[in-house]
Amino acid sequence: IPDDALPLGYDLGVEVTPGPAPCVDDALEPDEDNDAAVRAVLLRPGDVEGLVLCPDSPEDWFAVDVARDGAVRLRVEGDGVDCGLRTTDGARLLQACAGAEGGPLSAASTGLERGRYRLRIHGDPPTEGLTYRLAIEVLP
């Protein structure tokens with residue numbers, strides 16, 4: 001083929017489509033994930049906003065102290081999350097969360113002995129994660 005028959009240049013188009021942003025754990029995630037009852041993060045009663053469940057750790061565990069015989073109420077707001085109040089070692093479910101579809105979930109357990117009870121928040125998060133809000137109330 002003669003040199004003058006070869007093309008002198010070409011155009012190349014590249015289209016880059018970014019994937020979903022990676023899920024970033026919330027500020028309450030310690031150096032180790034709180035993805036098991038033994039690594040539950042201790043919370044004081046009140047509201048905690050901006051919590052996130054990521055796909056690589058689709059559950060969060062928290063703990064709440066009951067100083068004397070009392071009750072715990074929890075409320076969770078967030079699409080795609082579920083929750084439950086569990087025993088002090090996290091092994092047994094005391095009360096599953098319930099609520100109207102699309103609304104907040106809540107659970108309450110009364111007659112609790114003194115101890116550090118576990119809260120399990122879980123779901124099936126997409127790549128970008130599920131955000132939720134948690135409210136805890138401890139009653140004497």
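Reply: **A network of charges**

Salt bridges link D47, E49, R75, E77 and R133 into a network; the term stands for a side-chain nitrogen of Lys or Arg within 4 Å of a carboxyl oxygen of Asp or Glu. Please keep in mind that this is a predicted model, in which local features need pLDDT of at least 70, side-chain atom pairs count only at pLDDT 80 or more, and totals for chains, interfaces and linings use all residues. Residues are numbered from 1 along each chain as its sequence is written, and side-chain values use heavy atoms, with hydrogens and water left out.

D47 and R133 form one of its contacts, with N to O at 2.5 Å. Since D47 belongs to strand β2 and R133 to strand β9 (residues 130-139), this pair ties together parts that are 86 residues apart in sequence. Strands here are DSSP runs of E with at least two residues, numbered from the N terminus. R133 is partly exposed, at 24% relative accessible area; on this scale buried means under 20%, exposed over 50%, and partly exposed in between, with a 1.4 Å probe and protein chains only.

In total, the structure holds eight salt bridges.

R116 and D65 meet at 2.7 Å, N to O. R116 is in strand β8 and D65 in strand β3, so the pair ties together parts 51 residues apart in sequence. R116 is partly exposed at 39%, and D65 is partly exposed at 36%.

The two strands also pair with each other (pairing requires that DSSP finds at least two bridges between strands). Eight bridges join β3 (residues 59-66) to β8 (residues 115-123), and the two run antiparallel. Within this pairing, V64 has Y117 of β8 as its bridge partner. Strand β8 is also antiparallel to β5 (residues 81-86), with six bridges between them. Here G84 is the bridge partner of R120, and R86 stands opposite R118. Altogether, five strands form an open sheet of mixed pairing, in the order β1-β3-β8-β5-β6. Its edges are β1 (41-42) and β6 (93-96), each pairing on one side only.

C83 and C97 form one, with their sulfur atoms 1.8 Å apart. Because C83 lies in strand β5 and C97 in the loop between β6 and β7 (105-112), the pair ties together parts 14 residues apart in sequence. Both C83 and C97 are buried. The link between C23 and C54 has an S to S distance of 2.0 Å. C23 is in the segment before β1 and C54 in the loop between β2 (46-53) and β3, so this link ties together parts 31 residues apart in sequence. Here C23 is partly exposed at 22%, whereas C54 is buried at 2%.

Key: Helices (H or I, at least four residues) and strands (E, at least two) are DSSP runs, numbered from the N terminus. A disulfide is a pair of cysteine sulfur atoms within 2.5 Å.
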